[in-house]
Amino acid sequence: MNAADRFRAAVDNKDLTALDDLFTEDIRLYSPVKFTPFEGKPLVLGLFGVLLRTFEDFRYVGDYTGTAQTSTDGTSAASAVLVFRARVADKEIHGIDLLHFDDDGRIKEFTVMVRPQSAVHALGEAVLAGLVEDGLAPAPAGR
């Protein structure tokens, strides 16, 4: 089982311990709702805890493998694209997870892309609420 398959199984099983083993210490996650990446294993694992309870009917429906240039340092890395479908707040989401691997097969960079815009907005609100609830982000001003 390759790293992408192990990641997919960990998400399917909502297994944060397995995800912990798959992420590098300095992992970066690029979100569709935040300009700067989430950086470091503790924050990314916390984000996954929120995502795993936020998505409804989450399922991977396809995958592609190859190489791609990373955002972090511009080097070419072994990569996988996992295509998914899910719901958040009654919005249907179509998306992809782009995973970049280090030489040991662990995930060093992760980019999430989702559509349509209304689903991105619903996802952003739900994830922010979860991050605030878990103490991983400050409450927005005025709330």
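How many bridges join strand S4 to strand S5, and in which direction do the two run? I would like to begin there, keeping in mind that what we are looking at is a predicted model. Strand S4, which covers residues 76-88, is joined to strand S5, residues 91-101, by ten bridges, and the two run antiparallel. Within this part of the structure, arginine 85 has histidine 94 of S5 standing opposite.

Let me now widen the view to the sheet. S4 and S5 belong to an open sheet of six strands, whose order is S2-S1-S6-S5-S4-S3 and whose pairing is mixed. The edges are taken by strand S2, at 38-39, and strand S3, at 56-69, and because each of these has a single partner strand, one side of each is left without a neighbour in the sheet.

Two helices come next. Helix H3, made of residues 41-54, lies across S1, S2, S3, S4 and S6, and its direction makes an angle of about 55° with S1. Helix H4, residues 117-133, lies across S2, S4, S5 and S6, and runs at about 70° to S5.

Is serine 79 buried or exposed? Serine 79 has a relative accessible area of 6%, and since the cut-off for buried is under 20%, serine 79 counts as buried. Its side chain reaches the backbone oxygen of alanine 77 at 2.9 Å. Leaving aside residues up to four places away in sequence, serine 79 touches Tyr64, Thr65, Gly66, Thr67 and Ala68, and also Leu98, Leu99, His100 and Phe101.

Conventions
Residues are numbered from 1 along each chain as its sequence is written. This is a predicted model: local features need pLDDT of at least 70, side-chain atom pairs count only at pLDDT 80 or more; totals for chains, interfaces and linings use all residues. Side-chain values use heavy atoms; hydrogens and water are left out. Two strands pair if DSSP finds at least two bridges between them. Helices (H or I, at least four residues) and strands (E, at least two) are DSSP runs, numbered from the N terminus. Contact means heavy atoms within 4.5 Å. Axes are lines fitted to C-alpha atoms, for helices over the stretch in contact, and angles run from 0 to 180 degrees between N-to-C directions. Buried means under 20% relative accessible area, exposed over 50%, partly exposed in between (1.4 Å probe, protein chains only). A polar contact is a pair of N or O atoms within 3.5 Å; within protein, one must be able to donate a hydrogen and the other to accept it, and residues adjacent in sequence count only if both atoms are side-chain atoms.
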